[in-house]
Amino acid sequence: MKHFLRMLFQVCLYFYCKFLWRCLKFVMRKLTGRCELQRICYSTKPGASRTMKIETSLRDSKSKLLQTSVSVHPDAIEKTIEDIMELKKINPDINPQLGISLQACLLQIVGYRNLIADVEKLRREPYDSDNPQHEEMLLKLWKFLKPNTPLESRISKQWCEIGFQGDDPKTDFRGMGLLGLYNLQYFAERDAAAAQQVLSDSLHPKCRDISKEETSKFSKAEWEKKRMDKAIGYSFAIVGINITDLAYNLLVSGALKTHFYNIAPEAPTLSHFQQTFCYLMHEFHKFWIEEDPTDIMEFNRVREKFRKRIIKQLRNPDMALCPHFAASEGLINM
């Protein structure tokens, strides 16, 4: 009974707040002479802050036109904005900047939804060793990561040298499908030096330097053990597929909206997603070294801690995961 009453109270509170919010919007329009979309565009700077407010306003509107505007085809955005301006009785000649601002926001909103669809399509497509294109991408991955070491055969234990689990990498792509391979190849090709360095460090890890402040936290016995402990590496390709899963979940949950709405002046693309993967790989590698785990069994703990740190950063509406390596050139546009 208590649970039912609590649920009833929450439902009543929801509708009360919704009614109150609509009344407040009505009053604000009468006082300012502007609709909510105008107030957002004129008072909020471009980027994630503005686009996310516009998205919420459109989605929560009682107008069917506004609700569906966040999922229109990109080619229909211009016509949709004209319809919105007409519905809101806004003269585009008097308010030309509003149409431009709304168009930029809708391009990002619709683009994000389309990006999820593109990424999902790659994730659902399994690796097929009978597909020449899939095989070519896999062999290119080897060449980019090990340019001076020929692959002796397609089925080979050499694949373990770049972090796969067995002699045929196709089995490792089951979780993320082609998306994992696309991301790994993008990183290895677009930022070859960094990818090769991360691979080398994962195979030959070094203990991080411990500051004088940290040494005071250890007893003499603990310090000697810490000094003698061997740093723990990880499987580059497997971690890459795991970080692909992290990037995918950040995208689908909407957490990456902050980042993409701040860096993509129009619609975010697959290249932006792959660039984000490169950044996450780069940052996870540094984070792994900082955490200095005692064994590989701590991977899930380190990964979860890393995920929470990234999500915390993305809660800042001004946040952009701005990577400073080759893969980012020409894409960052604040």
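In which loop does aspartate 292 lie? Select this residue: aspartate 292 lies in the loop between H14 and H15. The model on the screen is a predicted one. The phi angle of aspartate 292 is near 50°, a positive value in a residue other than glycine. Most residues other than glycine have a negative phi. With a relative accessible area of 17%, aspartate 292 falls under the 20% limit and therefore counts as buried.

Now select lysine 89, in the loop between helix H5 (77-87) and helix H6 (96-124). Its phi is near 60°, again a positive value in a residue other than glycine. Is lysine 89 buried or exposed? Lysine 89 is exposed, because its relative accessible area of 75% is over the 50% limit.

**The whole chain**

Next, display the entire chain as a cartoon. The protein chain has 15 helices and zero strands. Of its 334 residues, 43% are buried. Among contacts between residues at least 6 apart in sequence, 67% join residues at least 24 apart.

**The nonpolar core**

In soluble globular proteins, nonpolar side chains tend to be buried together. Here the largest nonpolar core has 81 residues, and Ile54, Phe187 and Leu250 have the most contacts inside it. Select Ile54 and show its surroundings. Leaving aside residues up to four places away in sequence, Ile54 touches Leu37, Ile40, Cys41, Leu102, Cys105 and Ile109.

**Helices H2 and H3**

Select helix H2 (residues 36-43) together with helix H3 (residues 48-59). The two pack at an angle of about 175°, with their axes 10 Å apart. H2 is therefore roughly antiparallel to H3. On the H2 side, the contact is made by Glu36, Leu37, Ile40 and Cys41; on the H3 side, by Arg50, Lys53, Ile54, Ser57 and Leu58. These residues divide into five nonpolar, one polar and three charged.

Keep H2 selected. How many of its eight residues are buried? Six are, and H2 is thus mostly covered. The buried residues of H2 are Glu36, Leu37, Gln38, Arg39, Ile40 and Cys41.

**Helices H8 and H14**

Move on to helix H8 (residues 178-190) and its packing with H14, at an angle of about 70° and with the axes 9 Å apart. H8 and H14 are therefore roughly perpendicular to each other. Show the side chains of the contact: H8 contributes Leu179, Tyr182, Asn183, Leu184, Tyr186 and Phe187, while H14 contributes Ser271, Phe273, Gln274, Gln275, Phe277, Cys278 and Met281. By class, this contact has nine nonpolar, four polar and no charged residues.

**Helix H15 and the segment after it**

Select helix H15 (residues 299-314), which has 16 residues. From its first C-alpha to its last, H15 reaches 22 Å, close to the 22 Å expected at 1.5 Å a residue. Its buried residues are Phe299, Val302, Arg303, Phe306, Ile310, Ile311 and Leu314. An α-helix has 3.6 residues a turn, so residues three or four places apart point the same way. Against which helices do the buried residues of H15 pack? They pack against helix H12 (236-253), helix H13 (257-263) and helix H14 (270-291).

Finally, select alanine 320, in the segment after H15. Alanine 320 is buried, with a relative accessible area of 11%.

Note on methods:
Residues numbered from 1 in each chain as written. Predicted model: local features only at pLDDT ≥ 70, side-chain atom pairs only at ≥ 80, totals over all residues. Heavy atoms only, no water. Core = buried A, V, L, I, M, F, W, Y, C linked by side-chain atoms within 4.5 Å. Buried < 20%, exposed > 50% of the residue type's maximum accessible area, 1.4 Å probe, protein only. Contact = heavy atoms within 4.5 Å. Axes fitted to C-alpha atoms, helices over the stretch in contact; angles between N-to-C directions. Helix = DSSP H or I, 4+ residues; strand = E, 2+ residues; numbered from the N terminus. Parallel < 35°, antiparallel > 145°, perpendicular 65-115°, else oblique. Nonpolar A, V, L, I, M, F, W, Y, C, P; charged D, E, K, R; others polar. Expected span 1.5 Å × (residues − 1).
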